[in-house]
Structure formats: C-alpha cells, structure tokens
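Dear colleague,

I am pleased to hand over the structure shown below. My findings follow it, arranged by topic.

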Amino acid sequence: MVSNTGLSLSQSVFRPPGVCFWSFIFCVTSGRVKKPRLRPKGFLLSRHHFQFGNYASSVVSGKKLPRFEDIFSELGYKLPEKSAAGKTAPGLVVCDKNTTALARDITNELPVLTLPPGEAAKTWQSVETILRAARNNGLGRDGLFIGIGGGVICDLTAFAASIYMRGAELALVPTTLLCMVDAAVGGKTGFDLEGLKNLAGTFYPAKAVFIASEALKTLPLREWKSGLAELFKTAVLSKDESFFEELRRFIETGGFENPGFTNSETTEQFLSLIEKAVLVKGRIVEVDPREDLNNAAGFGMDAAAGGTERALLNLGHTFGHALESALGLGTVTHGEAVAWGLARSAELGQQLGITPPKRAEEIIRLSGRLLDDSFGKVICRVNGELFHTALLSDKKKKAGKPRFVVPSSEGALIIEWNKNIETYCNSLAARFSGNSALFPG
Ligand SMILES: NC(=O)c1ccc[n+]([C@@H]2O[C@H](COP(=O)([O-])OP(=O)(O)OC[C@H]3O[C@@H](n4cnc5c(N)ncnc54)[C@H](O)[C@@H]3O)[C@@H](O)[C@H]2O)c1
C-alpha cells in the first residue's frame, strides 16, 4: 500500500498486537533475547524513517510516553550502568516548568534541566545554560541530549546539541501538538535574537523523535488551537483532499472546545492526523533538507518562479512572522500568527487568481475558528508601518524581496514578488487602523 506522500505504509508502519513497541525495539536493537515488557492493550504505534541530507531520522509514535531506556535503545545505545550515572551522565534531559512532570515520567535516572516556559526563554542565555549543564554533568560527544517540551524546548535543545563538542546525539519528545506536527521534525534548530525569531540556528535533525498522545492530555486549549493551525496549514498544502476534509470537519464542529476534550480518548484519534502531517513534512524536507534557494525541483513547485521545495512549509508564515514581530515576540502564539497568516495568504492567492474562491473562503473561515475572541483586540494594537517593515524584511527573501506561498487548487504555490503582491501588502498594512473587523475570519 502506498500513501499519498509516496511512502509505503506497509513498510513504515509496524504494529505488534498488545506488545510494547518500545520494549520490542529495545530487545531487537540491543541484540539480547529478552521477554518484552507488556504495556496496556491497544497500544497504537508506528515508525517512519527519513533521510534528511546526511542525517537519518526516525519518528516513532504511540499512545504512551517512552521510558528513557526505550529512547536509548531506539538509538542503538547500550543502557548505561546504574553506577555510572553520576559525574559522567550519558545524557541530559531539557524541559520547561510545564513539562517537568512528563520528563519525570520518562526518567529519574538522567539529570533534568528545567528552563522557564515560553518564547521569552528562546535565547542565547538558555542555550548557554544547556551547554553548561551538559558540561557539568560530564557529557561527552556521545552524550545524548533529550528535549522534552514544545517547539521552544525542542529548538533550543537541538541547537545546543548541534554545537556541543561540534555535534552531540539528539532525541526529541515533543509535548505540544504544534511541535509534534512541525517543530520536532525536519531539523531546524535555533533561538531568537534582537527581537527576531530564529535569527540564529542550524540544521540538525534529531536521530529519533518520540510522539506520544499521552503528552497532549495536559495541553491547554489555546496551545491545542495553535497546533491545529500548523496541522491545518500542512493539510492545505498536502494535496491530500481526505486529510483536508478530515481536519475541516474537526475544526468546523469545534469538538476541541468542549470541556474535558483534552482528557478524553479523542487525543488518541489525533495520532493518525499527526502521522499524516509528519509524513507530508518529512517528504518535503527529504527533497530539500536545507531549504536550498537554488533547488526548484519536486513536490508542487512552480519552477519558473525559482521557488524551493521546503519553502512551501512557510505557507501563512510570511504574514504570521511579520505579525509576531510587529506585536513583539510572544504576544500571540506562533500558531495564532500562522492561522491569521494562512487567512491572509488565501486572500492574496484569491486576488492573484491562484486560490479558488471556495477554497479561499474555507481557509479564511476555518483559520478564524482557531483564533480566540481576544485575538481581535490584540490585533488592533498593531502598528501598520511596523508590520509593513517586518513583512518586507522577512528573512526568507530572495533577491532582496520576500516570497509568498499561497494555496492553489493543487496544494500551494510559491510566488515571487510582483506589483500585485506589492499592492496587496500596502493595502494590508493600511488596514491596521484599529478595526479588527477589517480582518474577517
Ligand atoms: N524547528 C522548526 O521547524 C519549527 C517549526 C515550527 C515552530 N517552531 C518553533 O516552535 C515554537 C513554538 O512551539 P510551541 O507552540 O510548542 O510553543 P512552546 O514550546 O512555547 O509551548 C507552548 C506552551 O505550552 C507549554 N507546554 C508544552 N507542552 C505541554 C504539555 N504537554 N502540557 C501543558 N503545557 C505544555 C509550554 O511550557 C509553553 O508554555 C516557536 O519558537 C517556533 O519558532 C519551530
């Protein structure tokens, strides 16, 4: 069976009934014959391998969080001797205040560094704290950095791992929906500088990413919506109508807004949607692992426009990043900015005659459902000039001009700067006049 992303599902999905996948992998990779530990029945699992340039990366998903020995064995590591865990720890766990409990579920054996939560902590100071903790715990170059948290923790931990002794081992356990479907997969790392998002960073994919729906049960509604925005973006560009339809229905019915949703079994249903998003992103990054500006081959490209494969993932982001910058980083969540940006890119695409009107209307309406009422008040505070400047100085410029990704009848298309885009951007900046009704959806 071949999935729409071209990956063979029968090859990439493996489900032994009732047996803990993590234990199974442990037994196989450690080469020992050992009776597998049993986990609760119905443990759903899957495993996908990607090759991102020189880096092999696997994404393993299940209902339950892995134990640290599962993580070690997935990487083919020998389990550390108990007595050795002390001055020379084999690994370092990095988490934030909201994910410490999850980190403790995963290991009591490894040192755990807890950083403050949120975008404000995505700084060089945090990177330095991680590097010092690694040094103080005696990690060698074969030491394993394990990031357990949302996109901020995973980006920071991955960046620190990429420069520690010129590159240490890395595993990630994403704990927000946004991080599962996007940030933890594909190898972009970084931190914010001078008020600019991810100004410094590296490409350094995790050797293994562990997605566990159990981690989502404590996720606040606002963060769920933020993750749904990235998931929705991926569905829009995926060229997979059934993926788009499934998500459209889910967002339309607003089930995630019901009290108790995050504690229900529904989070487990998300594994299949998360998996679809991971496959779409993984497939795109495999073709263009470093967002090469001269690479114009592959997946849904407008080669004439000189676009790049990976840049498709920026759908909604050029507008979203400009909004985040104009408001000050951390004022709205990344996903809220993406939802708003997605609506703007549909608006632009329709004006350019690229996005079919029905699709544009759907995207604008559904993106709006992912934004709280309070978002309208926040957006009234945007300074149009600042927004315009941020939009034009987007770091993904080509030949000095920003490029835009707009939804098309076949996913999404990258378009170069032109007179019509300039007119749209000018009028968009002028709409920030304190009236949020100017941004329907
Ligand atoms: N590397 C990439 O390719 C990539 C892609 C998209 C986004 N990002 C980055 O990701 C970041 C946004 O990620 P995010 O939305 O996960 O934000 P985040 O990491 O700030 O997490 C959001 C909030 O949720 C809390 N949290 C995390 N897991 C939780 C859980 N299970 N239960 C309760 N609370 C939990 C966090 O402590 C934080 O307060 C941005 O910095 C963005 O630049 C990176």
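Does E194 count as buried or exposed, and how many C-beta neighbours does E194 have inside 10 Å? E194 counts as exposed, with 6 C-beta neighbours inside 10 Å. The term buried applies to a residue with 20 or more other C-beta atoms within 10 Å of its own, exposed to one with 12 or fewer, and partly exposed to those in between, with C-beta atoms placed from the backbone.

Please note that this is a predicted model, in which local features need pLDDT of at least 70, side-chain atom pairs count only at pLDDT 80 or more, and totals for chains, interfaces and linings use all residues. Residues are numbered from 1 along each chain as its sequence is written.

Backbone and loops

E194 lies in the loop between β7 (191–193) and β8. Helices (H or I, at least four residues) and strands (E, at least two) are DSSP runs, numbered from the N terminus. Although E194 is not a glycine, its phi is positive, at about 55°. Most residues other than glycine have a negative phi. M165 is likewise a non-glycine residue with a positive phi, of about 50°. The loop between α6 and β6 (169–174) holds M165, which is partly exposed, with 14 other C-beta atoms within 10 Å.

The ligand

The shell around the ligand has 31 residues, of which N98, P117, G150, G151 and T176 come nearest. The elements that give two or more residues to this shell are α6 (151–163), α7 (177–183), β8 (196–200), α8 (221–237) and α12 (334–351). A residue is near a molecule if its C-beta atom, placed from the backbone, lies within 6 Å of it. By class, the shell holds 8 nonpolar, 15 polar and 8 charged residues. Here Ala, Val, Leu, Ile, Met, Phe, Trp, Tyr, Cys and Pro count as nonpolar, Asp, Glu, Lys and Arg as charged, and the others, Gly among them, as polar. The ligand lies between domain 1 (9–219) and domain 2 (280–438), because both give residues to the shell. The domain bounds come from an automatic or database domain assignment.

Helix packing

The axes of α12 and α13 (residues 357–369) come within 8 Å and cross at roughly 165°. That makes α12 roughly antiparallel to α13, and the crossing is left-handed. The axes of α12 and α16 (residues 419–431) come within 10 Å and cross at roughly 135°. These two helices are therefore oblique to each other, and α12 passes α16 in a right-handed crossing.

Axes are lines fitted to C-alpha atoms, for helices over the stretch in contact, and angles run from 0 to 180 degrees between N-to-C directions. Angles under 35 degrees count as roughly parallel, over 145 as roughly antiparallel, 65 to 115 as roughly perpendicular and the rest as oblique. A crossing is left-handed if the near helix is turned anticlockwise from the far one by less than a right angle, and right-handed if clockwise.

I71 is placed in helix α3 (residues 68–74) and is buried, with 28 other C-beta atoms within 10 Å. I71 and L144 are 73 residues apart along the chain, and their C-alpha atoms are separated by 9.8 Å. D142, in the loop between α5 (124–136) and β5 (144–149), counts as exposed, with 11 C-beta neighbours inside 10 Å. From C-alpha to C-alpha, D142 is 9.8 Å from Y77, at a sequence separation of 65 residues.

With kind regards
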